Amino acid sequence: INHAGPPPSIFTKKIMLEMFTGEWNPNCPTGQDTLNAMIKLDTNIITACIHQGDWLSITPFYDALNIHFGGINGFPRAAINRVPATKGTQLDSITYSIYNWRVNMQEIRMTKTSDVGLALYSKESNNNLEISVYIAYNQAINKKTRLTVYLIEDSIRAHNQLNADTNFIHQRVVKKVLTSYLGDSIAMLDGAMITKNYSMNLNGYYENKNNLRLVAFVNIVGDDFKQNEILNIQEAK
């Protein structure tokens with residue numbers, strides 16, 4: 001796949017919200033409602049729901065993030081761009097509760113542009129998926145930079161979501177991580193555009209292929225969990 005044209009000089013800053021959820025928790029439907037409301041208010045919010053303790057879990061992935069974020073101390077919690085909270089009642093936490101999402105989102109949203117941009121292209125035939133991710137950047141980043149790619153599915157009917165009726169639908173569920181759990185290393189030093197290619201067979205990873213999407217983001221792995229950060233994100237059907 002080779003669709004990339006010349007990148008723009010300025011990239012729109014998008015925001016990644018990763019919510020931790022599970023059918024066993026009665027507060028998680030409220031978390032999804034809050035998430036849906038935030039998306040309606042800002043089209044530059046990209047979301048991923050990471051399940052734990054239910055049939056949609058990817059336990060080794062959750063365990064890796066639990067360490068990476070310095071502990072996930074409740075459900076539902078969310079990380080926004082993987083940076084510490086600067087507003088609300090859970091300051092310096094990477095993952096925090098529903099009532100702190102909006103105020104921290106507003107703070108992060110004050111930055112409108114980014115020095116990093118991504119373009120995401122894919123093609124699928126007979127359940128064989130090929131993906132190309134293009135990364136452009138305006139200045140060298142002398143940190144541990146990674147590329148992470150999620151396969152996400154919308155509109156999955158719950159099996160037994162507490163505090164919800166039998167028609168409850170899960171949205172934006174991470175079904176597979178195509179990279180390493182914390183991302184694949186990329187060197188962003190010389191200003192050249194980076195292309196990374198991935199492929200997978202989709203058998204067993206979806207209930208409805210039309211509800212699949214891809215999310216790719218460039219993230220920094222810091223020396224401790226308070227120095228992690230997502231620099232920018234892109235998604236595509």
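## A pair of strands

In this predicted model, strand β7 is joined by 10 bridges to strand β8 (residues 128-137), and the two run antiparallel. To find your way around the pair, look for Val 116, which stands opposite Tyr 137 in β8.

These two strands belong to an open sheet of 3 strands, in the order β7-β8-β14, with antiparallel pairing. At the edges lie β7 (116-125) and β14 (194-201), each pairing on one side only. From one strand to the next, the twist averages 15°.

## One face of a helix

Now turn to helix α2 (residues 59-68), where Phe 61, Tyr 62, Leu 65 and His 68 are buried. Viewed down the axis of α2, these buried residues fall within an arc of 125°, so they line one face of the helix. They pack against β2 (15-21), β3 (45-51), β9 (145-153) and β12 (173-177).

After α2 comes Gly 70, with a positive phi near 75°.

Most residues other than glycine have a negative phi, and most peptide bonds are trans. Here are some exceptions to look for.

Asp 92 has a positive phi, near 75°, though it is not a glycine. You will find Asp 92 in the loop between β4 and β5 (95-96). Asn 127, also not a glycine, has a positive phi of about 75°, and its place is the loop between β7 and β8.

Is Asn 127 buried or exposed? Its relative accessible area is 9%, under the 20% cut-off, so Asn 127 is buried. Asp 92, at 42% relative accessibility, counts as partly exposed.

Finally, the peptide bond from Phe 75 to Pro 76 is cis, with omega near -10°. Pro 76 sits in the loop between α2 and β4 (77-80).

Notes
Residues numbered from 1 in each chain as written. Predicted model: local features only at pLDDT ≥ 70, side-chain atom pairs only at ≥ 80, totals over all residues. Heavy atoms only, no water. Buried < 20%, exposed > 50% of the residue type's maximum accessible area, 1.4 Å probe, protein only. Helix = DSSP H or I, 4+ residues; strand = E, 2+ residues; numbered from the N terminus. Arc of directions from axis to C-beta. Contact = heavy atoms within 4.5 Å. Pairing = 2+ DSSP bridges. Axes fitted to C-alpha atoms, helices over the stretch in contact; angles between N-to-C directions.
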